[in-house]
Amino acid sequence: MFPSVNACLAASALIYGIVNAATVTYDFDVGWVVANPDGLFPRQTIGINGQWPIPPITANVGDRVVVNVKNSLQNQTTSLHFHGIYQNGSTQMDGTSGVSHCPIPPNSTFTYDFKVEQPGTYWYHSHEGGQYPDGLRGPLIIHDPESPYKGQYDEEIVLTLSDWYHDQMPGLLSFFISYANPTGAEPVPNSALMNDTQNLTVSVEPGKTYMFRIVNMGAFAAQYLWFEEHTMRIVEVDGIYTEEAEADMIYLTAAQRYSVLITMKNDTSTNYAIVGSMDQDLFDAIPDGLNPNVTSFLVYNKDAALPTPASADEFDPFDDFTLVPSDGEVLLDKVDYSFNLDVAMKNLGDGANYAFFNDITYVRPKVPTLYTALTTGMSASDPHVYGDHVHAVVLEKGQVVEIVLNNYDPGKHPFHLHGHNFQTVVRSAEEAGPYVNNETFPQVPMRRDTVLVRPNGNMVLRFRADNPGIWLFHCHIEWHVASGLVATLIEAPLELQNSLNIPQNHYDACTKQNIPVAGNAAGNTVDFMNLEGQTLPPGPIPAGFTPKGIVALVFSILAAFLGMAVISWYGAGDIGKKTPPGVTI
């Protein structure tokens, strides 16, 4: 019996891929530089190899990617997460501090080494201490020689969106999670950026079709995006090819990506604006003087004027829920394991505001979660060993998993799953309340790895647990990661014990910081069920206190301090002084 033509072609493609796969190596020295991308305020920024913006990572499907990191920050630990890369067989390379490895300490080196088998538009960023908004984020592009859209465009252009803060994250986080901010109001960005600048010009040629790979690398702000008088044709979201869909405006939450085809006009007399606009619904208050927009330009004619963008009367973006993956993957209709995650924000005993899934706010365990999975034997299948505050959910290999997410918060949240994409089976309207199982499911659901849940709404996500590893599920607003809106999926932990090898330089990073690498979440290597000594969140708020009460208490305390400062100034000040010095809080 002779092999079929299809079998021969498949074998030939496999051999071709093996022969042509390359090892792509990057040597990154992470350190401080000074940057001023909005032209308003020069500040210390985290760069790579003395430069910022940091370089893109690019590779082809089938390549091995090696990233050698040296931490030259001196005063901060760091990590690199390769957002959207599934890390099949390499969960130890996921780059999530306290989960897949220890943070990279200053003056240390660390290697990420993984293979990429998925095409698409991704990005990489620090996953340590709310750090990436200080500059440590950049695009990651995996090219596909077999793209279904090959030959339908002339050039690719990478376009990043981001928000930008003038203050560094450690100080912002210290205030954000404190009794002085009991309502949990997130710091509002100072500016919006496009390709880490403003007033970017993109030279284009008439009649050509360009594929724009668009990445929102922001910490907080989603952005509306449109190209004036040009139509986008969506062909990919978060690494998933889609059937072509036309759009005049798209909406990208933090961490989302789109690839769109745009065919240029045949007239070169006029240039056109590209406009990004931060979603101000996310902000508790709009600071005076904030410009939520960032403008770039499609330049057909360098001698023609750059236009003033037209004002948007309303924001009416394309609904990504209607996208259809081009591979036609049908609904995963036989669910093996379903669980609810209820989102809420509330205060704890220190007066600060925290984020919760099912009344659990995430706290990093003493032992990185992966190392607990590798060192607790059969107990690794018991979620208890991972601690009471990582929200561990243990999954069996091959299960169809359903996450029912109910948002009891009046804000929008973009949720991201490491190690997988998911089918978006249900996404409710705003104010719909919790999910009540009354929806008609799409037969071919939209898939991506980051999706928005609307205020006081719900959504249902499904995926197949076919990638053993330790994977976070979290809101990708960085303020909410810091305040605990994180769950941990423990996928086939016993298989990991038989298949995974941890590089020595990963263990070395732990040793330098005296972080244990074995045992349960508390570092107990004798009794895995004993969590005495585990890291804990602040205790519950005293009975009878409310956020309004905390606000009143905080302002009473501040008023008291201010009064004492004025009295001290008056008593000690020179005669003739009429203005007290400023009081810094």
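How much accessible surface does the chain have, and what share of it belongs to carbon and sulfur atoms? I looked up the total: about 24700 Å², with 53% belonging to carbon and sulfur atoms. The areas come from the Shrake-Rupley method with a 1.4 Å probe, and for residues only the protein chains shown count as cover.

**Ground rules.** I am working from a predicted model, in which local features need pLDDT of at least 70, side-chain atom pairs count only at pLDDT 80 or more, and totals for chains, interfaces and linings use all residues. Residues are numbered from 1 along each chain as its sequence is written, and side-chain values use heavy atoms, with hydrogens and water left out.

**Overall fold.** I found 7 helices and 30 strands in the chain. These are DSSP runs numbered from the N terminus (helices H or I, at least four residues; strands E, at least two). Of the 585 residues, 54% count as buried. Buried means under 20% relative accessible area, exposed over 50%, and partly exposed in between (1.4 Å probe, protein chains only). I also checked contacts (heavy atoms within 4.5 Å). Among those between residues at least 6 apart in sequence, 79% join residues at least 24 apart.

**Cysteines.** I searched the whole structure for disulfides, meaning cysteine sulfur atoms within 2.5 Å. The search gave 1. Cys-102 pairs with Cys-510, with the sulfur atoms 2.0 Å apart. The link is right-handed, with 105° about the S-S bond.

**Cavity.** I found 1 cavity of 30 Å³ or more. A cavity here is a set of points on a 1 Å grid over the protein atoms alone where a 1.4 Å probe fits but cannot get out; lining residues have an atom within 4 Å of a point. Volume is the space filled by probe spheres set on the points, which are joined across faces, edges and corners. The largest cavity holds about 30 Å³. Its lining includes Phe-220, Thr-253, Pro-414 and Leu-452. I counted 7 nonpolar, 1 polar and no charged residues there.

**Ala-380.** Is this residue buried or exposed? Ala-380 counts as buried because its relative accessibility is 0%. I placed Ala-380 in the loop between helix H3 (369-375) and strand S22 (392-395). Among the residues it touches are Ala-373, Val-394, Ile-490 and Gln-497. The C-alpha atoms of Ala-380 and Ile-490 are 8.8 Å apart, across 110 residues of chain.

Key
On a 1 Å grid over the protein atoms alone, a cavity is a set of points where a 1.4 Å probe fits but cannot get out, and a pocket is an open set with protein on both sides within 12 Å along at least five of seven lines; lining residues have an atom within 4 Å of a point. Ala, Val, Leu, Ile, Met, Phe, Trp, Tyr, Cys and Pro count as nonpolar, Asp, Glu, Lys and Arg as charged, and the others, Gly among them, as polar. Lists of a residue's contacts leave out its neighbours within four places in sequence.
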